[in-house]
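I set out to record what I looked up in this structure. The entries follow in the order in which I made them.

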Amino acid sequence: MPVTGIGGLFFRSKDPKALGEWYLTHLGVGASEGVWIWNQQAGPTVFQPFKADSDYYPAEQQTMLNLRVEGLDDLLASLRAAGIEVITRPEWDAHPEIGRFARIHDPEGNAIELWEPGAPPAN
């Protein structure tokens, strides 16, 4: 296959510098000479079209960023301590084999899903 992974995610911002600093401070997505770059760990990436009328994320957003994380509880505690609203719902965690989820919004209102993948099934 010619595609080996996602090379980037690009989106519009009212204040790219400030938003970049927010992502660096709270989520560890780094900036290098004005370009946000971070080396990702190998792991699953979900590529999933949603129905146009899905209510899984805000209707005014065409896309939603989903970040794979380790230590979700610690991350959520640090986000809450920084005054960032964290949204969790029991139904999001109904399938432990898939993992656990939480939702935050960046300062411009973009939904960000935080995903701690579940343990791989035992063979």
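**Entry 1: Glu116**

I located Glu116 in strand 5 (residues 111-117); helices (H or I, at least four residues) and strands (E, at least two) are DSSP runs, numbered from the N terminus. The model is predicted: local features need pLDDT of at least 70, side-chain atom pairs count only at pLDDT 80 or more, and totals for chains, interfaces and linings use all residues. Residues are numbered from 1 along each chain as its sequence is written, and side-chain values use heavy atoms, with hydrogens and water left out.

I noted Glu116 as buried because its relative accessibility is 18% (buried means under 20% relative accessible area, exposed over 50%, partly exposed in between; 1.4 Å probe, protein chains only). I then found its side chain at 2.9 Å from the backbone nitrogen of Gly71. Within contact range (heavy atoms within 4.5 Å), I listed Val69, Glu70, Gly71, Leu72, Ile98, Gly99 and Arg100 for Glu116, leaving out residues up to four places away in sequence.

**Entry 2: Gln61**

I placed Gln61 in the loop between strand 2 (35-36) and strand 3 (65-68). Gln61 is also buried, because its relative accessibility is 13%. A polar atom of the Gln61 side chain lies 2.8 Å from the backbone oxygen of Thr63. Gln61 touches Gly109, Asn110 and Ala111, with residues up to four places away in sequence not counted.

**Entry 3: Confidence**

I read a mean pLDDT (the predictor's confidence in each residue, from 0 to 100) of 86 for the chain, with 90% of its residues at 70 or more. Where pLDDT is low, predicted coordinates should not be read in detail.

Terms used: Polar contact = N/O pair within 3.5 Å; in protein donor to acceptor, adjacent residues only side chain to side chain.
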